[in-house]
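Me: Can you walk me through a few side chains in this one? Keep it short.

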Amino acid sequence: MKAKRSVSITSFTLILLLPLVSVSTRAQNLYVSNNGNGTIEKFGTNGVGTVFASSGVYNPVGVAFDSSGNLYVANNGYSNIEKFNANGVGTVFASLSSGVYFPLELAFDTSGSLYVSSIGSNTVVKFSTNGIGTVFANASSGLIGPGGMAFDRSGNLYVANANGSNIVKVNTNGVGTVFATYNSGLLGPMGLAFDSSGNLYVANNAANNIEKFDTNGVATVFASSGLDSPYGIAFDGNDNLYVANYNSNTIEKFDTTGVGTVFANSGLSHPMSIAIQVPEPSTWTMVAMGIGAALAGPRPRRRSS
């Protein structure tokens, strides 16, 4: 008689490698131009500072990062722009012969072009990535002692006129219109920054406050406590606003409700501008996942004795 064939269940585990996004652990670092002692100070999230650069820095004002993590510094004393790599090694990016004349502030557009407000020539100069400069805006655009700058989501450049106590909105063609004036609460406006919702914040250096303009242009006082000749301002990834107090040698941190605390008070000498380093892009990691499975198959025949 032919033996019956039995069936068994054989189990196994299939290993799959699935890509999962791993958020970068690098914290946002804050860089401040110390106009008083000619250095660039670097602060971690704990408010502890170290000197990032001193060589090639003279009366530094504006600071800004490009998309590759290089830090650009406006040297008001040298009338040039210094470019520093991640290790703090600097090279001259643009100079007086390129159109830089007593530069104050810096801003990058989405295409990587650098904009420099030059108070000495009453212009905003636009530099391509290879350092070639052209005049983007001037007095005919409404500039009167241009300083702080910031881009909105549509690519319009907002410029603070320190000498005119107003803010000019310059479109992509270099045509300017007045966005806000003294009547809106401006008094010696310096630093400008947009939050993630598109509201514009202004450091009123002479009024010792921060003015907030909503997307409709309506102005309110966002903060006034803890401010002493505020100059540069910048937002981190959580919409906390950092303010450089020129006179008190401190950096104030404000949450979204306008409540402020002292973020840093050491290593500063007449701080002027702030640049916050964005964390590196998230990286992909391969994660092993085991999946158990069972298959039906013939049980090996047992040999009869």
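Reply: The side chain of aspartate 236 reaches the backbone nitrogen of aspartate 239 at 3.1 Å. This is a predicted model: local features need pLDDT of at least 70, side-chain atom pairs need 80 or more, and totals for chains, interfaces and linings use all residues. Numbering runs from 1 along each chain as its sequence is written, and side-chain values use heavy atoms, without hydrogens or water.

Me: Which other backbone nitrogen lies by the side chain of aspartate 236?

Reply: That of asparagine 238, 2.8 Å from a polar atom of the side chain.

Me: Where is aspartate 236 found?

Reply: In the loop between β21 (230-235) and β22 (241-245). Strands are DSSP runs of E, at least two residues, numbered from the N terminus.

Me: What is the nearest side chain of opposite charge to aspartate 236?

Reply: Lysine 253, 5.0 Å away. Aspartate 236 has no salt bridge (a Lys or Arg side-chain nitrogen within 4 Å of an Asp or Glu carboxyl oxygen). Aspartate 236 is buried (under 20% relative accessible area, 1.4 Å probe, protein chains only).

Me: New topic. How many aromatic pairs are in the whole structure?

Reply: A search finds 18. Rings of Phe, Tyr and Trp (its six-membered ring) pair if their centres lie within 6.5 Å. One of the pairs is tyrosine 31 with phenylalanine 52, edge-to-face (planes over 60 degrees apart), at 5.1 Å centre to centre and 90°.

Me: How many residues apart are tyrosine 31 and phenylalanine 52?

Reply: 21, with tyrosine 31 in β2 and phenylalanine 52 in β4. Tyrosine 31 is buried at 3%, phenylalanine 52 at 15%.

Methods: Helices (H or I, at least four residues) and strands (E, at least two) are DSSP runs, numbered from the N terminus. Buried means under 20% relative accessible area, exposed over 50%, partly exposed in between (1.4 Å probe, protein chains only). Lys and Arg count as positive and Asp and Glu as negative; His and the chain ends are not counted. A polar contact is a pair of N or O atoms within 3.5 Å; within protein, one must be able to donate a hydrogen and the other to accept it, and residues adjacent in sequence count only if both atoms are side-chain atoms. Rings of Phe, Tyr and Trp (its six-membered ring) pair if their centres lie within 6.5 Å; planes under 30 degrees apart count as stacked, over 60 as edge-to-face and the rest as tilted.
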